[in-house]
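Dear colleague,

I am handing over the structure below, and I would be grateful if you could look through it before reading the notes that come after it.

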Amino acid sequence: MAKEEEYKEMFLAEAEESYEELNRLFTELEKNNQSRTAIDAIFRITHTLKGNAMGMGFDAIAELSHVMEDIFNEVKLRRVTLDSVLFQSLFRANDILGDLIQAVKTGTKVRYKGIRTKLQVALRKAKAYHEAEQEKNSDETEADKTNVAEKAVDKVEEKPEEEIALSKQDLLEEEENKGHKIILSDMVQVPVRKLDELLNIVGELIIEKDTLIAQRAEEKGMNSDLARLHRLTSDLQYSVMDVRLVQVGFLFNKFHRVLRDAAMIEHKKVDLVLEGTESEIDRNVLKTMSDSLVHLVRNSVGHGIEPPEERLKLGKSERGTVTLRARNAKDTVYIEINDDGYGIDVDKIKKKAVAKGLIPKAYAPVISRSEILLCLFEPGFSNAEVVTEISGRGVGLDVVRMAVESIGGKISVETELGKGTTFILGLPSSMAVKAALLFELNQQEFAIALAYTEAVISMPKEEIHKINTGLIATYLGKTISIVFLKDLFDLESMKDIETKGSLYKYFDTIEGNPNLDIVIVSYNNRLVGLVVDKLMQQKEIVEKKLPSPIDNIALFSGVTILGTGRMCLVLDIVSILLHLFKEKRIGTNIATLG
């Protein structure tokens with residue numbers, strides 16, 4: 001469906017809801033015309049409807065809701081009194097508003113200018129009467145009062161031709177618009193909980209389909225019936241996932257207040273720019289990332305944007321800019337948080353990282369700029385000294401990184417000193433289905449999310465070398481760590497990684513020079529080769545959470561069920577690599593041998 005049609009559907013759903021709500025509020029207000037709650041609500045609804053209609057180019061709806069908004073602005077200011085005549089006109093105006101909303105679908109021509117003019121005249125009369133009353137109450141002479149009273153009369157009197165034209169239009173609209181109509185929206189609101197339940201059921205259906213296909217394949221091979229079943233279940237799955245998608249603007253628009261509050265606290269002048277708000281993403285991904293985005297926006301204001309006087313000295317505008325930008329690319333949504341502030345001094349970060357032992361001294365001369373910036377996401381980088389030296393860029397970024405990677409996303413940073421900084425989040429557009437690589441270990445299937453998989457290779461044993469802390473090999477000119485998953489699975493606890501020799505027990509038992517199947521995985525721009533027994537196919541899986549207490553096992557993030565009916569555990573690559581890099585063991589290896 002074209003984006004224009006989607007926007008039109010969304011506008012109609014909200015407009016129809018507004019129309020029904022206005023009917024309810026007018027009815028409530030007619031019984032108690034002093035209800036401030038109802039008056040404020042009507043003003044807010046007509047104001048929003050006017051803005052939305054103008055944005056969509058529906059001029060008639062915008063014009064009619066505009067005059068209704070103006071009337072309730074005067075009611076709020078107590079300059080217009082709601083009487084039975086005005087109520088009659090307001091109810092008629094809302095009926096015609098309803099017809100105009102329906103006309104967006106049907107293309108029917110609806111006359112509305114008569115009631116619009118009638119409301120404008122009523123508004124003009126009320127304003128003139130109010131002004132006359134104000135002048136009458138001022139300290140003027142009796143003669144002046146008489147002159148003022150006569151002048152008010154002049155203001156409220158309509159021109160005869162306007163009155164005749166108004167009456168004609170009124171008669172025509174009376175004929176066309178007889179009475180209130182019930183409108184049912186073509187859109188329904190569904191709680192996310194129900195969509196989650198539906199997606200779970202679809203997941204179960206896919207598992208049953210895979211089981212059926214696997215059984216039939218063993219018997220007589222795939223036939224056209226099963227191929228059709230496969231296509232239908234896949235279509236159903238993606239249809240349900242599509243319903244869960246929301247536009248990024250749904251979250252971005254909430255950041256005007258976040259930025260405003262942060263700027264007030266910091267005594268800075270900052271504007272927010274939103275780009276790519278129509279990009280779509282799974283609502284659960286957006287919900288998971290909302291706190292991290294708040295943190296990054298506040299960080300941009302607090303530690304990125306300079307104070308106004310400092311910006312002027314640097315030849316910049318006194319108002320800084322924070323840009324929230326989104327774009328879709330295949331199955332990934334990229335969200336960027338950019339500021340035009342200080343930028344980050346990479347050399348200062350490098351010195352600090354070396355001093356804190358995050359970068360080995362031997363590796364410091366050859367380390368890349370991007371690797372230095374990765375130190376910002378290390379927990380040890382968050383302290384007061386860093387805040388002063390690099391404008392607070394390290395504060396809390398480890399928490400943001402963990403949130404991103406918990407859903408299979410990636411985070412990076414680009415910066416130019418004096419120009420600004422951009423944080424780039426690559427997030428999966430959906431958390432429901434994962435593309436995964438299946439492999440076999442000890443005659444059991446396991447899965448790795450493709451989001452963490454760089455490559456699969458076959459390597460002879462003699463190309464893998466032992467060092468004090470584990471195994472290493474060369475991949476694409478880089479020295480990387482090699483880990484036998486069998487060694488990891490044999491550990492009593494992940495703490496046993498510290499024990500010398502724990503990561504090459506199985507390597508020592510291999511005789512000869514066989515080729516080993518290795519999955520190269522990446523995390524935080526670090527590569528590790530995981531040795532498996534046998535590589536299998538790529539597959540889309542529906543990952544489910546592990547039940548307690550096994551959900552605390554550091555090796556696994558979840559479980560899926562294969563077509564064979566067998567359980568398949570999904571490796572938690574983030575957790576595994578966090579433990580492997582905990583003591584910077586692999587970083588030291590690279591520095592020593594790279």
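The notes that follow take up a group of strands and then a pair of helices.

Please keep in mind while reading that this is a predicted model. I begin with strand E14, which covers residues 515–523. Seven of its nine residues are buried, that is, they have under 20% relative accessible area, so E14 is largely enclosed by the rest of the structure.

E14 has strand partners that you can trace in the model. With strand E10, residues 453–460, E14 pairs in the antiparallel sense over seven bridges, and within this pairing Ile-457 has Ile-518 in E14 as its bridge partner. E14 is also joined by seven bridges to strand E15, residues 526–532, and these two strands run antiparallel. Here Tyr-523 stands opposite Arg-526 in E15, while the hairpin formed by E14 and E15 has two residues between the strands, and Asn-524 takes a positive phi near 55° there.

The helices come next. Helix H12, residues 283–304, packs with helix H17, residues 397–406, at an angle of about 145°, and their axes lie 9 Å apart; the crossing in which H12 passes H17 is left-handed. On the H12 side the contact involves Met-289, Ser-292, His-295, Leu-296 and Asn-299, which meet Leu-397, Val-400, Ala-403 and Val-404 of H17. Sorted by class, this contact of H12 with H17 has six nonpolar and three polar residues, and no charged ones.

With best wishes

Key. Residues numbered from 1 in each chain as written. Predicted model: local features only at pLDDT ≥ 70, side-chain atom pairs only at ≥ 80, totals over all residues. Heavy atoms only, no water. Buried < 20%, exposed > 50% of the residue type's maximum accessible area, 1.4 Å probe, protein only. Helix = DSSP H or I, 4+ residues; strand = E, 2+ residues; numbered from the N terminus. Pairing = 2+ DSSP bridges. Axes fitted to C-alpha atoms, helices over the stretch in contact; angles between N-to-C directions. Left-handed = near helix turned anticlockwise from the far one by under 90°. Contact = heavy atoms within 4.5 Å. Nonpolar A, V, L, I, M, F, W, Y, C, P; charged D, E, K, R; others polar.
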